[in-house]
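Trainee: I would like to learn how to read a few features of a protein model. Please take them one at a time.

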Amino acid sequence: MITDINFKKNVGQRFWRHIHKETLIPYRGKTPSRILFLEKLCNDVENMKYVPSSPRGYVVSHKQNLVVRFIPALKREDLCVYFFCLKCLEKEIAKNRVKGTYGGWKLGGKIRKMENLDVVPSFPDYSYNRFAWMQAWTDYQNRAFNLQRNSKYNFFIVYDIANFYDSIRLGRLEILIREVVKRNKTEVVNLLIYFLSNWGKRDLNYNRQNIGLPQDEVGDCSRILANFYMQDYDKTVFSKCKRRSSGYLRFADDQIIASPDEKTAKEIMFLASKELAKIGLNLNANKAKLLKKSEFYDYWSFDIFKLLANKNDRVSIEKAWKLFEQKITRKEQFKPESVLKRILSCNLNKVSLKIRKEILTAVKEKDFITSINEYYLKRIYIFLRSKERILFLKYLNKLSKDVLFNRYHLCVMKFARECSVSKMYLNKLKPNLSKLNDMNQ
């Protein structure tokens with residue numbers, strides 16, 4: 001099963017380009033030949049010379065309330081081993097077993113070239129199969145809308161899992177994998193568990209890792225494994241919801257319970273908490289929300305996203321912007337960052353100059369601008385005029401002094417490379433990044 005032919009077949013040219021193009025921490029030196037690199041890597045694996053390395057560095061981002069997320073930038077060898085293992089096993093584990101749950105799409109499949117991949121508000125930065133991700137999220141959003149329209153549901157609870165990837169128990173995951181994978185793939189399972197148990201050993205004083213998946217910077221491997229880990233939980237919660245005339249949806253760690261009354265919703269939430277605890281997971285108490293039907297509609301901003309379906313419709317974009325402003329003024333519960341990202345994905349050259357200026361002013365607020373990736377920085381940049389672009393670059397440069405998380409600096413640098421921005425306007429980025437001691441090793 002583990003041969004250089006299989007390695008070269010599963011770790012293809014597309015993935016090879018992807019890991020070099022999408023990483024925020026560029027590799028040093030010349031990119032090696034994929035074929036020669038994989039032949040050597042496979043030989044090391046076969047002769048038990050392969051040892052997972054410490055990450056090249058960490059992308060550190062701000063989540064909320066000063067909580068940070070550390071995303072490892074793995075070395076080529078480890079990315080290729082991880083991807084190879086999941087490609088070999090995805091037939092057995094990359095699937096959804098419960099209606100209304102999402103996350104189990106495969107790494108490969110037909111990849112379509114789309115004019116705009118970022119029509120999804122919470123699109124992950126560097127998903128490998130972006131088309132599948134978009135399809136799944138769109139389906140999830142539509143199902144959430146249908147729950148809201150269903151007359152029998154009056155109360156909704158939206159919640160997620162605290163430290164989702166970091167809390168996956170590797171012992172339980174291994175047992176689940178071995179139960180569904182055929183014996184002829186035992187070698188691959190052994191390699192996968194070996195990698196998962198050792199990729200972060202330097203940070204654990206060289207002890208074996210028993211918990212946590214790497215939130216790999218440029219792939220979907222951990223997403224597939226985490227979704228697989230949740231499937232028994234999904235079956236149980238779906239069954240409990242069905243017996244109580246309620247609905248259940250899950251996309252990765254985001255979940256929705258829809259119930260006829262408040263008591264039922266809270267009861268299911270309590271039962272779901274118990275089921276999560278059985279597999280070593282916990283609810284994120286700070287983000288759980290109980291919403292009435294109208295509040296759930298507002299929280300998801302269904303009205304705004306419907307207006308933004310056509311990214312070139314001037315009238316609809318301007319109406320959506322006015323609705324956004326009203327939500328802010330009324331201090332409604334919703335996700336303003338998701339709406340702003342979706343608006344940036346539209347053609348702002350179609351709207352009036354006044355509206356465009358209002359939008360571009362809003363998206364340059366510090367909290368938003370320091371949380372977005374290089375795609376949205378580019379979207380802002382293209383809608384600015386020459387003098388405005390220079391002021392924008394100087395603003396990004398100035399912000400770098402106060403931002404403590406290296407993801408901002410790395411995203412701005414990637415944006416600058418892709419837009420051929422003069423380094424003279426961003427001359428403080430690298431010095432400020434160096435002060436954080438987070439440059440690639």
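**Reading loops and a sheet**

Mentor: Start with M48, which counts as exposed because its relative accessibility is 77%, and exposed means over 50%. Keep in mind that this is a predicted model.

Trainee: Where is M48 found?

Mentor: M48 lies in the loop between α3 (34–46) and β1 (57–62). Its phi is near 60°, a positive value in a residue other than glycine.

Trainee: Is S420 buried or exposed?

Mentor: S420 is exposed, with a relative accessible area of 67%. This residue sits in the loop between α19 (406–418) and α20 (429–435). Phi of S420 is near 50°, again a positive value in a residue other than glycine.

Trainee: Now the sheet. How do strands of a sheet pair?

Mentor: They pair through backbone hydrogen bonds, either parallel or antiparallel. Here an open sheet of five strands has mixed pairing, in the order β3-β5-β6-β4-β7.

Trainee: Which strands stand at the edges?

Mentor: β3 (101–102) and β7 (289–292) do; each has a single partner strand, so one side of each is left without a neighbour in the sheet.

Trainee: What does Helix α11 touch?

Mentor: Helix α11 (residues 293–300) packs on the sheet and touches β4 (155–160), β6 and β7. The direction of α11 makes about 115° with that of β7.

Trainee: How many bridges join β5 to β6?

Mentor: Five bridges join β5 (residues 247–251) to β6 (residues 254–259), and the two strands run antiparallel. In β6, I257 stands opposite Y248.

Note on methods: Residues are numbered from 1 along each chain as its sequence is written. This is a predicted model: local features need pLDDT of at least 70, side-chain atom pairs count only at pLDDT 80 or more; totals for chains, interfaces and linings use all residues. Side-chain values use heavy atoms; hydrogens and water are left out. Two strands pair if DSSP finds at least two bridges between them. Helices (H or I, at least four residues) and strands (E, at least two) are DSSP runs, numbered from the N terminus. Contact means heavy atoms within 4.5 Å. Axes are lines fitted to C-alpha atoms, for helices over the stretch in contact, and angles run from 0 to 180 degrees between N-to-C directions. Buried means under 20% relative accessible area, exposed over 50%, partly exposed in between (1.4 Å probe, protein chains only).
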